[in-house]
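Welcome, and thanks for taking a look at this one. Below is a short briefing to read alongside the sequence and the 3D view.

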Amino acid sequence: MKTRITECLGIEYPIIQGGMAWVAEHNLAAAVSEAGGLGLIGAANAPAEWVRGEIRKVKEMTKKPFGVNVMLLSPYAAEVAKVIAEEGVKVVTTGAGNPEKYLSMWKEAGIKVIPVVASVALAKRMERSGADAVVAEGCESGGHIGELTTMTLVPQVADAVEIPVIGAGGVGDGRGMAAMFMLGAEAVQIGTRFVVAHESIVHENYKKKILSAKDIDSVVTGRATGHPVRTVRNKVTREYLKLEKEGASFEELESLTIGGLRKAVIDGDVDRGSVMAGQIAGLIHKEQSCREIIEELMTETTALFAGMGNSYGGSLSGKKSFEG
Ligand code: TUI
């Protein structure tokens with residue numbers, strides 16, 4: 001399946017792994033890249049030297065392309081941005097902000113730059129600034145989210161920009177992936193399904209929490225503080241939402257979630273920690289290798305397209321390229 005994204009990034013399949021904080025470290029990134037997708041290291045709030053170490057480890061594990069996700073709210077974002085250029089990383093994605101100030105440095109280093117956007121306005125701005133593609137991430141996704149759903153965001157972004165669009169938020173199987181292509185995307189970004197991959201280093205309790213989640217177990221905390229975050233419902237989210245409703249202070253709410261992701265991912269405290277996952281968690285029932293996940297996604301997606309005869313030729317506007 002060739003699209004402008006597979007061509008631009010030099011990958012086999014149009015599947016990009018989400019740059020998830022604490023989860024997207026070298027083992028997961030290398031496994032996804034080895035299986036023909038694009039693996040990502042999630043820099044999150046980590047210091048730049050940790051990121052440098054992870055980059056070097058992935059390089060030892062695979063010769064295939066991989067990338068780094070820069071979380072722009074991180075106090076280390078500027079240092080991480082520099083390390084990425086120094087280490088000769090080929091692809092960078094960004095999240096939770098506007099990466100404009102790093103774009104010229106990355107482009108000069110020959111890096112493909114793919115900002116994650118949650119609005120048409122930022123997508124257009126990124127295109128004007130020289131981004132190679134954008135990830136349009138709807139609020140079905142786990143972690144820090146925007147306002148719009150994937151269903152509404154992806155086609156509006158696809159119509160607004162000429163650069164290729166990667167659809168994200170709520171994709172867990174071939175049906176979701178095919179739907180993204182129908183909405184105008186040329187690749188998908190997948191997070192939650194890779195969290196439960198064999199190669200994912202998250203605590204067993206975290207995986208179990210996702211594997212046993214039901215459709216309605218996904219909640220958003222932090223709307224009141226301006227940092228909405230989607231997680232799987234647990235003791236701490238119940239407490240948080242109660243306090244949020246009662247008008248608790250920013251500090252009081254923050255104190256409940258500080259260090260929560262580490263607590264859940266590393267310590268396995270899925271009651272008191274923050275179990276970030278997308279709304280599609282309810283669809284995910286098995287732990288597989290990254291290769292199995294990618295092969296299954298591709299088999300399902302191509303079967304769906306084959307079932308449509310030859311009627312699908314890219315996007316409705318005809319400006320996209322696709323050979324399936
Ligand atoms: O970044 C993510 N997902 C994340 S980051 C993260 S770590 C974190 N933890 C707690 C609080 C904050 C961060 C966990 N999950 N996804 C990409 C994403 N970017 N989603 C939404 C956005 C976004 C939102 C607004 C990007 C840009 C934006 O506007 C920027 C602007 O200046 O216009």
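Which atom of the ligand is 3.0 Å from an N or O atom in the side chain of Glu137? It is a nitrogen atom of the ligand. Please keep in mind that this is a predicted model.

**Around the ligand**

- The ligand has 13 residues around it, and those that come nearest are Ala96, Gly97, Val116, Glu137 and His144.
- Sorted by class, this shell holds 6 nonpolar, 6 polar and 1 charged residues.
- Backbone atoms take part as well: a polar backbone atom of Ala96 is 3.0 Å from a nitrogen atom of the ligand.
- For His144, the distance from a polar backbone atom to a nitrogen atom of the ligand is 2.9 Å.
- The ligand taken alone exposes 720 Å², and the protein buries 71% of that area.

- You will find Arg193 in helix α9, which covers residues 192-195.
- Is Arg193 buried or exposed? Arg193 counts as buried because its relative accessible area is 6%, and the cut-off for buried is under 20%.
- The side chain of Arg193 is joined to the side chain of Gln288 by a polar contact of 2.7 Å.
- Another polar contact, at 3.0 Å, links the side chain of Arg193 with the side chain of Glu296.

**Helix α8 and what follows**

- Helix α8 spans residues 174-182.
- Its buried residues are Gly174, Gly176, Met177, Ala178, Met180 and Phe181.
- After α8 comes Gly184, which has a positive phi, near 110°.

**Cavities**

- How many cavities of 30 Å³ or more does the structure hold? There are 2 of them.
- The second largest cavity contains about 30 Å³ of space.
- Its lining is made up of Ala213, Lys214, Asp217, Ser218, Val232, Gly278, Gln279, Ala281 and Gly282.
- By class, that lining has 3 nonpolar, 4 polar and 2 charged residues.

**To take along**

- At Arg193, look for the side-chain contacts to Gln288 and Glu296.

Conventions. Residues numbered from 1 in each chain as written. Predicted model: local features only at pLDDT ≥ 70, side-chain atom pairs only at ≥ 80, totals over all residues. Heavy atoms only, no water. 1 Å grid on protein atoms, 1.4 Å probe; cavity = no way out; pocket = protein on both sides within 12 Å on 5 of 7 lines; lining within 4 Å. Points joined across faces, edges and corners; volume = space filled by probe spheres on them. Nonpolar A, V, L, I, M, F, W, Y, C, P; charged D, E, K, R; others polar. Near = heavy atom within 4 Å. Polar contact = N/O pair within 3.5 Å; in protein donor to acceptor, adjacent residues only side chain to side chain. Areas by Shrake-Rupley, 256 points an atom, 1.4 Å probe, with all protein chains shown as cover. Helix = DSSP H or I, 4+ residues; strand = E, 2+ residues; numbered from the N terminus. Buried < 20%, exposed > 50% of the residue type's maximum accessible area, 1.4 Å probe, protein only.
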